[in-house]
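Please look over the sequence and the structure below.

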Amino acid sequence: MKRFLHFCIGLIGISFCISSCSSNDEPQDTEDQNPRVDIILSRSEKVMVDNNLSFSVDLLQAIDSLREGNFMVSPLALANNLVFYANGASGETLEEILSAINPTGTSIEELTQLYRRLQSLLPSLDKQSEVGMYGCFARCKKLLSSLSPTFVDQVSDLNIETLPIYDSQTEMLDAVRKWSKEMVGIDPDYGDLYQESSLAAITLNAVSFRGTWRNAFYSESTYKSNFYGRNSTSRVEMMHRAFTTKAWAEDGISWVVLPYGNEAYSMVIAMPDEGADPKITLPLEWPNEQFSSKVDLSLPKFTLEDHMDVKEALKAIGITTAFQDNADFFDMYEWPDSMKEHKNITMKLGPILQDSKIEVEESGTVATTVSSASQFVQTANPTSLNEIVVDHPFYFFIREQSTGLILFMGKIENL
């Protein structure tokens, strides 16, 4: 009887978004001493970023159909993780990953170059918004093979730090948790991963954001009000302010854009009509300036911490082979002569975990997501709006303005 070796590779993500605090009693609107810097994309890069938006929407809809309650995820951290592993994949495994995150036929080399560029540009677009993208890769001695020099070269600029090889999976997981706490202040919940006997490697990607509203809410205008959640009604602190921004209603959904700093980044609120459950889609092109008007907005303060395995959501959008025994991630490693044909080895992805936190209050937002992957080697015309009261379930998105790239997204059903 053949002895099969089963390895599991973990993908883990952390996203963290927290409202920044102002030192002034009354927050002031951001001055234009911090001009917005746009990301200029080539034609092929624009196609890839638009594909990322489609991936984000597909992922949102898949998660929304699979779980109830509040949730938050970073499609950017997850996509960066998938790009990392796609560089070591081949065959159907690679085809399915690319089909989900970039279905127009762009090569993995071009996609990797785009993510390298985004990682270098996103932190520098707004002096008043702090954006961080971090990553690490760790493995234990269970996986004896060395990383392939070709793979290392391909992913060298993805800002993923290679940690030492650990004696056991417990040491490996402890080291990644320590790295996460030091880098972004989140201790990811690895739970059952400690009991996975075939766990051999793990990758963590973290995206963090700290932004100050361009039009900060005044704390003295915050009032108590009802939030009519999916399961119950609760009393919440409702922030309030009138300011000029884009706000519109379309297909049973009210939208409002809340810019940060110099408007390079913004939070977009999408609130379906009360009692309705329409399918959320995000426009590639947002309504033009004719939908900018004075808006009287009431938005609840909220904090959300979330932990989820997005594996089933990825399967729902077509990434299935990566989690099966016939997955092919063998190009990540160099193999001894005795193992070169991989006949007795399975190497697949295990849980795809995301640990996220967001805080939204009068002065701004702080958000962080840590995305971890484990590897087992086993329309109608829109109309403008003048008043919006966000008092029932809604979706939120934190996006980069010039590209539409979504850093974080989620849903609030109950407060």
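The protein chain has an average pLDDT (the predictor's confidence in each residue, from 0 to 100) of 81, and 81% of the residues score at least 70. In residues 1-26 the pLDDT is below 50, yet this stretch has 169 contacts in the model beyond near neighbours in sequence; contact means heavy atoms within 4.5 Å. Where pLDDT is low, the predicted coordinates should not be read in detail.

This is a predicted model, in which local features need pLDDT of at least 70 and side-chain atom pairs pLDDT 80 or more, while totals for chains, interfaces and linings use all residues. Residues are numbered from 1 along each chain as its sequence is written, and side-chain values use heavy atoms, without hydrogens and water.

Helix α1 (residues 43-66) packs against helix α4 (residues 108-121) at about 85°, with the axes 11 Å apart. Helices are DSSP runs (H or I, at least four residues) and strands likewise (E, at least two), numbered from the N terminus; axes are lines fitted to C-alpha atoms, for helices over the stretch in contact, with angles from 0 to 180 degrees between N-to-C directions. α1 and α4 are therefore roughly perpendicular (65 to 115 degrees). E45, M48, V49 and N52 of α1 meet E110, L111, L114, Y115 and R117 of α4.

Methods: Parallel < 35°, antiparallel > 145°, perpendicular 65-115°, else oblique.
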